[in-house]
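Look at the sequence and the fold together before reading on.

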Amino acid sequence: DEAMANYDRAIAVQPNYAQAHLYKALCLLLVGDFDKGWKTYEWRWKAEKNVERTKHLTHTIDQILYRQK
């Protein structure tokens, strides 16, 4: 909840801050809010400066989600 609030504050200050949207998406996915999480996860494409890190995060989130099944 604290992390989500911090990302929301960052987004309120800078609405186009792709990294904040991306990390918020990961939080949403981790808590099982898949509808909002996957929609918000689309921001990963706007975080072009961190393409390699985004690929790593995609792999990590896949591992977490599949491990929970």
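**Helix packing and salt bridges**

The axes of helix 2 (residues 18-30) and helix 3 (residues 34-41) come within 8 Å and cross at roughly 155°. Helix 2 is therefore roughly antiparallel to helix 3 (angles over 145 degrees count as roughly antiparallel, under 35 as roughly parallel, 65 to 115 as roughly perpendicular and the rest as oblique). Axes here are lines fitted to C-alpha atoms, for helices over the stretch in contact, with angles running from 0 to 180 degrees between N-to-C directions. Helices are DSSP runs of H or I with at least four residues, strands are E runs of at least two, and both are numbered from the N terminus.

This is a predicted model, in which local features need pLDDT of at least 70 and side-chain atom pairs count only at pLDDT 80 or more, while totals for chains, interfaces and linings use all residues. Residues are numbered from 1 along each chain as its sequence is written, and side-chain values use heavy atoms, with hydrogens and water left out.

Which residues make the contact between helix 2 and helix 3? From helix 2 come H21, L22, A25, L26, L28 and L29, and they meet F34, K36, G37, W38, T40 and Y41 of helix 3 (contact means heavy atoms within 4.5 Å). By type, the residues of this contact are eight nonpolar, three polar and one charged (Ala, Val, Leu, Ile, Met, Phe, Trp, Tyr, Cys and Pro count as nonpolar, Asp, Glu, Lys and Arg as charged, and the others, Gly among them, as polar).

The structure also holds two salt bridges (a side-chain nitrogen of Lys or Arg within 4 Å of a carboxyl oxygen of Asp or Glu). In one of them, the side chains of K24 and D8 meet at 2.6 Å, N to O. Because K24 lies in helix 2 and D8 in helix 1 (residues 2-13), this pair ties together parts that are 16 residues apart in sequence. D8 is partly exposed, at 35% relative accessibility (buried means under 20% relative accessible area, exposed over 50%, and partly exposed in between, with a 1.4 Å probe and protein chains only).

R44 forms a salt bridge with E42, with the closest N and O atoms 3.6 Å apart. Is R44 buried or exposed? R44 is buried, because its relative accessible area is 17%, whereas E42, at 44% relative accessibility, is partly exposed.

Now the chain as a whole. The chain has four helices and zero strands, in the pattern α-α-α-α along the sequence. Of its 69 residues, 35% count as buried.
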